[in-house]
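Here is my note on the model, point by point. Please read it with the coordinates open.

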Amino acid sequence: METISENRCFGGTQGVYSHASDATGTDMTFGLFLPAEAEDGPVPVLWYLSGLTCTHENAMGKAGAQLWAAEQGIALVFPDTSPRGAGVPNDEAYDLGQGAGFYVNATQDPWAEHFQMWDYIAEDLPAQLFKRFALDPERQGITGHSMGGHGALTIAMNFPDRFASVSAFAPICNPMESDWGQKQLTAYLGENTALWEPHDATMLMRETGFPGPILIDTGTADQFGDLLGTEALAGAIAARRQPATLRMQPGYDHSYFFVSTFMEDHVSFHAEALYGVSA
C-alpha cells in the first residue's frame, strides 16, 4: 500500500492511499480519516460510498464529515466509485463506466474483467484496511450519496451481521424501475432481472429488511427525484414495518450542500449504533 498524502485534521489524520486490488485487477485509491482515538487502539468505522462521477475526493473534501467523526471518535473510509486506468473500459455517458461502478460485480463484457466493485467494497478493501489500520471490524456502519446510497443500502442488507447501522443521502432506491439502474444493471449484469434483485434496495426491503437502524434523507427539490424511487422504498418500509427514519428535507437538492447540511445527523446516528455494539 502506498501513502499518497497524510494531513492533520481535527486532531486526527486525513490520509489518501493506493493499493493493488485483487478484485478489480487495478490500482485503487481511497481516503481514510482516523480520529485521535485511533492512536490508542481500534476505532469504529463508517464507510461512505460516493455517487456517479465521483472519486474518493468528493466526499472527503465536500461533505464536512471529519469534524463530526472526530467528535465521535469514528474513522471514515472514502472509497473510489470504480476502477480506473489504462485498459479499463469506459463509456461516453457520465452514468456508465469509470465513475459509475454501481457497486456490483459485472458479468458482461467489456466490464467483467475490472468492474468488480461489490467484491472490492465488501471483501478486498476491508481486508486491506483492517490489516494495516487501527479499525474495529466488529463496529461498522455504512452510508452513501445517490449511487453510493444505493450501494450502502444494498450492501448493508446483504451483510446484516457486519453493519450495525445504515444511512443514505438521496439514494437510488429502486434501480430496477429507474433509468438510473435499468441501463447500468443491463450493461453490467445482463438482461436476467433475477440477477438485479440483490442490488435493489426496495426489493431487498420487501424480502429481508435490515436488523439495525436506518436513516434516509432526500431533498424535496432534488433535481433527480424522479430517478430515485424514494416512494417505492418508503412503501416497502411501511409494508414490512421496518424501523426506519425517512425524511424529506424541504427545499434541498442533490448537491453536496445538501449532504453537508445533514452530515452531523448521520454521523451522530451511526455513533449511537456503533458505540452500542460490544467490541
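1. Which strands and which helix do the buried residues of helix 3 pack against? They pack against strand 2 (12–20), strand 3 (27–34), strand 4 (43–49), strand 5 (75–78), strand 6 (135–144) and helix 4 (147–158). Contact means heavy atoms within 4.5 Å. Helices (H or I, at least four residues) and strands (E, at least two) are DSSP runs, numbered from the N terminus.

2. Basis. This is a predicted model, where local features need pLDDT of at least 70, side-chain atom pairs count only at pLDDT 80 or more, and totals for chains, interfaces and linings use all residues. Residues are numbered from 1 along each chain as its sequence is written, and side-chain values use heavy atoms, with hydrogens and water left out.

3. Helix 3, burial. The buried residues of helix 3 are Met117, Trp118, Tyr120, Ile121, Ala122, Asp124, Leu125, Pro126, Gln128 and Leu129. Buried means under 20% relative accessible area, exposed over 50%, and partly exposed in between (1.4 Å probe, protein chains only).

4. Helix 3, geometry. Its 16 residues (117–132) should span 22 Å at 1.5 Å a residue, and the end C-alpha atoms are 21 Å apart, which agrees. The expected span is 1.5 Å times one less than the number of residues. Helix 3 bends by about 35° at Leu125, and Pro126 follows within four residues. That bend is the angle between axes fitted to the seven residues ending there and the seven starting there.

5. Helix 4. Helix 4 has 12 residues and reaches 17 Å from first C-alpha to last, close to the expected 16 Å. It is mostly covered, with 11 of its 12 residues buried. Among them are Met147, His150, Leu153 and Ile155.

6. Cavity. The count is 1 cavity of 30 Å³ or more. The largest cavity holds about 30 Å³ of space. On a 1 Å grid over the protein atoms alone, a cavity is a set of points where a 1.4 Å probe fits but cannot get out; a pocket is an open set with protein on both sides within 12 Å along at least five of seven lines; lining residues have an atom within 4 Å of a point. Grid points are joined across faces, edges and corners, and a volume is the space filled by probe spheres set on the points. The cavity lining is Trp47, Ile121, Pro126, Phe130, Gln140, Arg162 and Phe163. Helix 3 gives the largest share, 3 residues.

7. The largest pocket holds about 170 Å³. Of its 13 lining residues, Leu52, Thr53, Ser146, Phe224 and His254 are the closest to its centre. Its lining divides into 6 nonpolar, 7 polar and no charged residues. Here Ala, Val, Leu, Ile, Met, Phe, Trp, Tyr, Cys and Pro count as nonpolar, Asp, Glu, Lys and Arg as charged, and the others, Gly among them, as polar.

8. Backbone checks. Thr53 has a positive phi of about 75° although it is not a glycine. Thr53 lies in the loop between strand 4 and helix 1 (57–62), and at 49% relative accessibility it counts as partly exposed. Tyr103 has a positive phi of about 55°, and is not a glycine either. Tyr103 lies in the loop between strand 5 and helix 3 and is buried at 0%. The peptide bond from Asp109 to Pro110 is cis, with omega near 0°. Pro110 lies in the loop between strand 5 and helix 3.
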